[in-house]
Amino acid sequence: MTHIIFNDKHIDLEEQQTVLSALLEQGHQIPNSCRAGVCQTCMMQALEGNVPAKAQEGLKDTLKAQGYFLACSCMPQEPLHVRTVDVNMLRSPATVIEHELFAEGVLHLRLKPSEAFDYRAGQYITLWKDSVLGRNYSLASVVELDDSIALHIRRIPDGVISNWLHDEIKVGDTVDIQAATGNCFYLPGSPEQNMLLAGTGTGLAPLIGIARDALRQGHEGDIHLLHGARQIDDLYLHDTLMNMAQEHPQFHYHANVLQAENITPPISKNPLMQQISEVAAEPADWRFYLCGDAPIVNTMKRNLFIAGASMTNIYSDPFVSANDV
Ligand SMILES: Cc1cc2nc3c(=O)[nH]c(=O)nc-3n(C[C@H](O)[C@H](O)[C@H](O)COP(=O)(O)OP(=O)(O)OC[C@H]3O[C@@H](n4cnc5c(N)ncnc54)[C@H](O)[C@@H]3O)c2cc1C
């Protein structure tokens, strides 16, 4: 058994207990969301002691060097002196410049950061409601093409942050955002490689950003974007994607709905996974981007791997929340 030191107090850790769990158990208000080492909402700093490498996975080298770590995946093997992070160091304000519904339950939010904000389309930011409550949202905009940040936010029944963003936030308001992170973005290394981007719901946000970025960087291989939805009205960027397919011969749009009558291509009722295996029948040399609903992303990933895709060619962002873990 080991312990942490927090606010000058020793807190014992059970075997396999994380720093986050021990602090929450003691009643400390530590920001957290996914509890899976993804969202980076629970970032803390170690002042003394060894941080396990797993607790720093996905952090920028500059943050690692300063002892930052993710409390939800930190199970120290020896005493660790920790503190909460100075929120002003990691967050910066951004002004809401657009707040419009794309479709029922899907908000298009555009933000103008107060200072230079570097990111890659497809990465995600943390958007904070206050000092403790923050959630991840993927970047649909492309820094080189757009002068603001674009997010697609689905309303989740009883969801704290998504309902706040839909109902209370308005144009002119300021929100705090935290630096972009994640590995799900376009890499220009193999311009001739075929790419397949698939996701459901607002999983489309990172995918359209990645597709636009790939086209901007002159990708030559085919780019197939598959958007899965419950019904036709949920295909909230249908016209935009149809136009992209007309403008760029190598860009192909496929839509998939569960409930619909009288549909015509590119909309299909075939299950998303079936569409994927039809488009990428021999997936070994393809590159894949999979985003959105966590169980669906994980199933797509597993099936593609079984079908012969290489894990190094699969980039994914499952939209996990604490209850998925
Ligand atoms: C890397 C990453 C990127 C993300 N990008 C986006 C994005 O671009 N657009 C977007 O709309 N969301 C995105 N999300 C999801 C987002 O971070 C929040 O989880 C979501 O908005 C719900 O937050 P909330 O505070 O409204 O709901 P909460 O108050 O956290 O949850 C309320 C209830 O809804 C459940 N719940 C939470 N999230 C979901 C979900 N996605 N589906 C079904 N049930 C859920 C919870 O388990 C809980 O029971 C992303 C998540 C991750 C990890």
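How do the residues of the shell around the ligand divide into nonpolar, polar and charged? The shell comprises nine nonpolar, eight polar and three charged residues, where Ala, Val, Leu, Ile, Met, Phe, Trp, Tyr, Cys and Pro count as nonpolar, Asp, Glu, Lys and Arg as charged, and the others, Gly among them, as polar. The model is predicted, so that local features need pLDDT of at least 70 and side-chain atom pairs count only at pLDDT 80 or more, whereas totals for chains, interfaces and linings use all residues. Residues are numbered from 1 along each chain as its sequence is written, and side-chain values use heavy atoms, with hydrogens and water left out.

In total, 20 residues surround the ligand, a residue being counted as near if one of its heavy atoms lies within 4 Å. The closest are Arg135, Asn136, Tyr137, His152 and Ser162. The ligand taken alone exposes 920 Å², of which the protein buries 83%; accessible areas come from the Shrake-Rupley method with a 1.4 Å probe, and for residues only the protein chains shown count as cover.

Two or more residues of the shell are given by each of strand 9 (134-138), strand 10 (149-154) and helix 4 (160-167); helices (H or I, at least four residues) and strands (E, at least two) are DSSP runs numbered from the N terminus. Strand 9 provides the largest share, four residues. Domain 2 (88-181) and domain 3 (195-324) each contribute at least three residues to the shell, with domain bounds taken from an automatic or database domain assignment.

Grid points are joined across faces, edges and corners, and a volume is the space filled by probe spheres set on the points. The second largest pocket has a volume of about 650 Å³. Among its 28 lining residues, Gly58, Tyr124, Gly182, Asn183 and Asp317 lie nearest the centre. Strand 17 (314-318) is one of the elements supplying at least two lining residues, and its five residues form the largest share.

One cavity of 30 Å³ or more is present, lined by Tyr119, Arg120, Ala121, Val142, Val143, Glu144, Asp213 and Arg216. This lining divides into four nonpolar, no polar and four charged residues.

Methods:
1 Å grid on protein atoms, 1.4 Å probe; cavity = no way out; pocket = protein on both sides within 12 Å on 5 of 7 lines; lining within 4 Å.
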